[in-house]
There are 4 protein chains.
Amino acid sequence: MRELIQPAEGKLGIVMPGLGAVATTLIAGVEAVKRGLALPVGSLTQMGHIRLGKRTENRCPRIRDFVPLAGLDDLVFGGWDVYSDDVYLAARNARVLEPAMLDAVRPALEAIRPMTAVFDPACVPNLDGDHVKHAVNKMALAEAVVEDLQRFRREHGCARLVMVWCGSTEKYIEPGDVHATLEDFERGLRRNHPDIAPSMIYAYAAISLGIPFVNGAPNLTCDVPALVELAMRTGTPIGGKDFKTGQTLMKTILAPGLHARALGIRGWFSSNILGNRDGLVLDHPDNFRTKEVSKLSVLEDILRPDLSPELYGDIYHKVRINYYPPHGDNKESWDNIDIFGWLGYPMQIKINFLCRDSILAAPVALDLALFADLAKRAGMSGIQEWLSFYFKSPQTAPGLRPEHDIFKQLIKLQNTLRHMMGEDLITHLGLDYYQELTEAL
Amino acid sequence: MRELIQPAEGKLGIVMPGLGAVATTLIAGVEAVKRGLALPVGSLTQMGHIRLGKRTENRCPRIRDFVPLAGLDDLVFGGWDVYSDDVYLAARNARVLEPAMLDAVRPALEAIRPMTAVFDPACVPNLDGDHVKHAVNKMALAEAVVEDLQRFRREHGCARLVMVWCGSTEKYIEPGDVHATLEDFERGLRRNHPDIAPSMIYAYAAISLGIPFVNGAPNLTCDVPALVELAMRTGTPIGGKDFKTGQTLMKTILAPGLHARALGIRGWFSSNILGNRDGLVLDHPDNFRTKEVSKLSVLEDILRPDLSPELYGDIYHKVRINYYPPHGDNKESWDNIDIFGWLGYPMQIKINFLCRDSILAAPVALDLALFADLAKRAGMSGIQEWLSFYFKSPQTAPGLRPEHDIFKQLIKLQNTLRHMMGEDLITHLGLDYYQELTEAL
Amino acid sequence: MRELIQPAEGKLGIVMPGLGAVATTLIAGVEAVKRGLALPVGSLTQMGHIRLGKRTENRCPRIRDFVPLAGLDDLVFGGWDVYSDDVYLAARNARVLEPAMLDAVRPALEAIRPMTAVFDPACVPNLDGDHVKHAVNKMALAEAVVEDLQRFRREHGCARLVMVWCGSTEKYIEPGDVHATLEDFERGLRRNHPDIAPSMIYAYAAISLGIPFVNGAPNLTCDVPALVELAMRTGTPIGGKDFKTGQTLMKTILAPGLHARALGIRGWFSSNILGNRDGLVLDHPDNFRTKEVSKLSVLEDILRPDLSPELYGDIYHKVRINYYPPHGDNKESWDNIDIFGWLGYPMQIKINFLCRDSILAAPVALDLALFADLAKRAGMSGIQEWLSFYFKSPQTAPGLRPEHDIFKQLIKLQNTLRHMMGEDLITHLGLDYYQELTEAL
Amino acid sequence: MRELIQPAEGKLGIVMPGLGAVATTLIAGVEAVKRGLALPVGSLTQMGHIRLGKRTENRCPRIRDFVPLAGLDDLVFGGWDVYSDDVYLAARNARVLEPAMLDAVRPALEAIRPMTAVFDPACVPNLDGDHVKHAVNKMALAEAVVEDLQRFRREHGCARLVMVWCGSTEKYIEPGDVHATLEDFERGLRRNHPDIAPSMIYAYAAISLGIPFVNGAPNLTCDVPALVELAMRTGTPIGGKDFKTGQTLMKTILAPGLHARALGIRGWFSSNILGNRDGLVLDHPDNFRTKEVSKLSVLEDILRPDLSPELYGDIYHKVRINYYPPHGDNKESWDNIDIFGWLGYPMQIKINFLCRDSILAAPVALDLALFADLAKRAGMSGIQEWLSFYFKSPQTAPGLRPEHDIFKQLIKLQNTLRHMMGEDLITHLGLDYYQELTEAL
């Protein structure tokens, strides 16, 4: 399918609902990287390599040299927020990057001012803000976002757009009738149905224009039949949900390792302390519920207690997030894992991760934007399961188990890229190296 | 090649130089499992499943039901040691398993008495023992081991044997001329060359009889051209070296995860405390050197600093092992990992693993014995790289980088089994699930 | 006052409301110690020494050899519980001590059967039990406890009794009018006032008989004017509240150390996981509130933010307790402490305490019983502030700050014992050692 | 003795052999504090309070307001180093304080240039430097230091001087005949005895001029009879050795707490990683030996295994320091402590201290300089045991056990200050508060 991929010509606009810590860290970082002030560490598209062919061929190009991605110099950023601060001020308030670094790219950041946001205090009780849109109903709000998108594309001369949700975690919503079909959903928009959250309004607007949509929060958003239907109709790639960073990243690294060795697990206690806006929002039980569902699901898929009840049938898995202002954006996680081995003998693992929330999330947002744009140009529409690698709670086709094991997710991503470019898929079998050896004897 | 695998009929003898903590924990454990007293947790052959076909087929048999392995009821155990204690006494002294569990299988353990060992105090300065063989030269010692093997097979009516080195870490030996060809090696045996360690004598004896040999310690042993040559000639599978447990197991789980996300690493400090016989032996600098080489190599292969010097080109990697008697066999590791992300911002990970050395090693020894026997019956001879999964320092064909990433090792192992049994290899591509979806629309 | 202390003649009955993990661990332990099977580690009265005189005198007797305490052979145990299990069964269910140890003292444990308990499900929502007293009002319940005490003393031929509350944490109660005077309180008992919890009924019964009362839980219990008044009238020592174990023990060790060095503190996050009955009870917010108040107060007293606002004026202190069944009684705490030093530079301390709740609490209960009995014989009545050493939330005279610094508490305890026995108080001045040196020159 | 203390009039010169991380952090910090840019956190003299009289009197002045100390504005700094960098450059290289803070006081730092150092590469093998004195023998070197001191005093118009050793750890030296008497020592100086290290030459020069000398490293230095004799003759206060910071600080906080509760200890494993010049020096076994002796001694004194062999008679105590450049001055310690409680049941404590070596040491150096000057003015000569609070390995009178318990050290320090100023010593008895209560009834 290599020849079918359209080239990455012209500017790519990355538009983000929520210009908080993650979005501003992304924007300031890309500006710093463009000026040679820093490296885009953590971004697989920019820093990662991919092995091609046999081990002995030593072909390992950078991913950005292998697949036709938009270059950083072609990126244009924009977004919406409930506060009217420009990106420089918002970044200062977020306290993620050092002032000296922000000052080095200050004009570029000050030039980006948020568009007025779609906001519903019922969905995010711990936040408020007055830089918001007002309209007769949710459909009118969606139309306002459509206008924002068209104006942004025009004003910045973008060839293509991608939307990445970088806003807050919304309160927990169960999928219901209003999300069942596109028709139901559009009726719900017009009737202000309470189960249509702001993130869904943004997603609807983007997808209806054929703009790829990626969801960085655990909100339901585009993980409903109505919006999948719309994405298929408009030929739009979508993906979600919840950027995989911090503790869950570690969990989906470690759990596959324990599972690989058939070690049993009795309990997994995960505690987090963080002091940023996200921590404040998650201090409200309704919003934590959304996050908890996203965080708890990963173990079950990786460990498959249905297949191995004697190893994983009785895990006590608990996740806690505590608002702790002294740490700011420096999220810290502490995990205690009770495992057991040969004959059931118990062992323990403790992991203390002193991470930085937005530093881990920003390159994920970048990669997703670039890959979603690639998918669009490659004619891939609907759910992009090969991007599961980046999500805490991957969206999949109905009836298909999500894959949480980060290593299987990585192979899926890499083999998808190889497949796109007409390279052999890699199986790590490698018996041939030894057959040659035998024949040589 | 499925039809070419000979069935696992008759008894399989597992003979181990070194009846210490690992070997006695293995033996007592298998006896307990046979009696239904406990589960063989940590053993992939006994507890693990393997996915076959498409995700939606839901075919995930246990590995032992998929490939023709020897059953636990067909296993017979034996070994050599520098102390004359029977396995029951040795297990009590090792203080790994609870007395109540050992007492439940006491007669079976008491029945196993060690054969006299090949021992060289120059190779293991912190140990001594008087239950040792004396002979005119190392070739004569090898012949004595050959006789032991033949007698053991005869007396226990074994259809097949496998040898698993469970002895101590020997002092560091560089590969040299004496290891270059089989002829050099055999001359060295006759001339008592100092660079032929006891573990090599055992390996030579086993391989010359076509008995698969697996090396659980970091010693050079069969990782020399002379013994690979012998293995190819006698059609014998060999594998090594150093059972992957504890801290290195964690390292080969975690490092691939950090690498997958293109996160940089500046330093990795690994400290261990353990108080068993292994800890005592490793307290001697010559022996620690052997272990250190084995433990340090893993990061370089996984991270590929040659490809990503800006992420991994300047790692300060340090491993320390401290003898600490209060913990006995309960090895504890503590790792500090200095990583950096987006724009170079630093983060830290601390891992504290309260593990049990022999509890992790015993099932590894079991799996290796069973898979080595399978390889023998499948006509696979020489280095078995598909068993890298179990080793800290996998032996490979000359010129081939070892693979340390435990997840690539796992895929290699699983795809080898699938290949043996004529099943499709798995690539995790999975685009077809979504093509159906598109077509359905 | 040495000559005024009555000798410890005859049997001392220790009666405990709540025959759960702590009480059964205490009883089984004392029985094991009496039989020479184990040592009463953690008990200052049994294992601790006290320095007397000058450093150069080398007088450091054991405390039990210095002050006239009841001997372990003279102790008799009894108690009340909402379950009718005898102490052997209750100890097995508590899963604190190994079955082999319990079996070694089984008859002594089986002989102790709980009396029916005073219980109010409104005070402990997560528990139930049917081995409870029924009566027309709370005064009648108190009278039933008085009868229990008199019968117990008679049947076991006890010369003296001490009551130690080892029951659950009750829901949070604010001190109110009903607790203001003895008259108010007795009226409340007759009128079933909802703010008179079961623990108060036990305390009232004991104190009215002149039986020393010690409170091992954070409940209000005897920390009200009414019961202090009763204790003064009946010449009864009382003390509380909440055995100082685990995380708070560590906190009152560490905080004085940081304060001693004038190091600042910005945040202290304390997380606990435990899976015993106490953990279950504390999973209910009302009960956790009682515990939280007890746990949060310690830092303020030790650090004195009023005196040093620039160091301690802005601490974010958070305590969380999570019910985590896999650990049972093996409570684990994890603390992150954000400190700052010279010029405000930040540092961090992480403490992971793998403790055992009842193993730490049992010797505290023993010491308190023995010291309370000593105080009674020494004619000391009312609040025993010198026992603050053992409490998370020490009861003090009105208007007097409690002392939480464990080292000041220890000096207070030791100097009280020295004072009782007519020894010099110790000030650690010690300039005299050097004056001699000067004079010698 | 209050009236006998001479007032702190005129300038106080603090002169330091070794202008490395600690000294430059001290100097830059005092300059910053003088300008109101930061607070002298960690300094008891500047930030700490002292309670006077009864608890209810609420008298808690700052220590600097209670005893007559030199003020920060009256301090003048100087020193010697083997490198000729001025203090600004040296501070930049030390990478402890942020460049912005150093730049704010740059002129004051640049004005301080090191005098040429007494240096002996045999004592510090991992260091070199060319800014050193050359002389015919060690006595001549001492005389050169005397001249330096006299010139410094004159040039800076100092009323008084204090010398604080801030140089490296020297190789281990056993006290020998050359250190026995002043006569032996001076003969040794003239004969270049190898067991007279540079730090002793500095100490000899200072003490002979009556200048108080404080030793911040674990070197033997003034802890020999010869120099104590000199100090008594010249009326000079001396103190040492080894600033108590980091892991040992934590150890002398925690061990008294465990001992207070009669909890047993089986093992204490202490690992450190640090990447500053001190770490480099300690990477050499000879120098580590000096540090190890200093670090290991603390537990024995605090726990008194001679009195409690069943609790502390069999501790396995191990200390490791690992050079780990990625952390620079950010020393990190990790401790595993194996304790046991009631009936011998085991528990574990893990402490991870992410500290900053020089940030902890600088205020200790400041306090010691100010208190040593106070002692001089108060006519106290020889060993100042009341300053044990600040040392890993306190120097005491011959035959007197050092006191390592930081809380006893604190009381000793505070009661010494109270004694100096004619205030009542504090015993924490406090029974009187309750006698009033009883009488009131």
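A crossing of two helices is left-handed if the near helix is turned anticlockwise from the far one by less than a right angle, and right-handed if clockwise. In this predicted model, α1(D) passes α15(D) in a right-handed crossing. The model is a predicted one, in which local features need pLDDT of at least 70, side-chain atom pairs count only at pLDDT 80 or more, and totals for chains, interfaces and linings use all residues. Residues are numbered from 1 along each chain as its sequence is written, while chains are lettered from A and ligands numbered from 1 in the order in which they are written.

**Helix packing in chain D**

- Helix α1 (residues 21-34) and helix α15 (residues 357-377) of chain D have axes that come within 8 Å and cross at roughly 70°; helices (H or I, at least four residues) and strands (E, at least two) are DSSP runs, numbered from the N terminus.
- α1(D) is therefore roughly perpendicular to α15(D), a term for angles of 65 to 115 degrees, with those under 35 roughly parallel, those over 145 roughly antiparallel and the rest oblique.
- The axes are lines fitted to C-alpha atoms, for helices over the stretch in contact, and angles run from 0 to 180 degrees between N-to-C directions.
- From α1(D), Ala21(D), Val22(D), Thr25(D), Leu26(D), Gly29(D) and Val30(D) meet residues of α15(D) that include Asp357(D), Ile359(D) and Leu366(D); contact requires C-beta atoms, placed from the backbone, within 7 Å.
- This contact of α1(D) with α15(D) has 9 nonpolar, 3 polar and 1 charged residues (Ala, Val, Leu, Ile, Met, Phe, Trp, Tyr, Cys and Pro count as nonpolar, Asp, Glu, Lys and Arg as charged, and the others, Gly among them, as polar).

**Domains of chain A**

- Chain A is assigned domain 1 (2-243 + 358-420) and domain 2 (246-354), with bounds from an automatic or database domain assignment.
- The centres of the two domains of chain A, taken over C-alpha atoms, are 26 Å apart.
- Domain 1 of chain A brings 28 residues to the contact and domain 2 of chain A brings 27.
- On the domain 1 side, α15 (357-377) and α16 (406-420) of chain A are the elements that give two or more residues.

**Chains C and A**

- In the interface, 18 residues of chain C are in contact with 18 residues of chain A.
- β7(C) gives the largest share of the chain C side, 5 residues.
- The chain C side divides into 7 nonpolar, 5 polar and 6 charged residues.
- Chain C superposes on chain A by a rotation of 180° with 0.0 Å of shift along its axis (RMSD 0.0 Å); the two copies are thus related as by a two-fold rotation axis.
- Superposition is by least squares on the C-alpha atoms of residues with pLDDT of at least 70 in both copies.
- The same surface serves both copies, as 100% of the contact residues of chain C recur in chain A.

Terms used. Contact = placed C-beta atoms within 7 Å.
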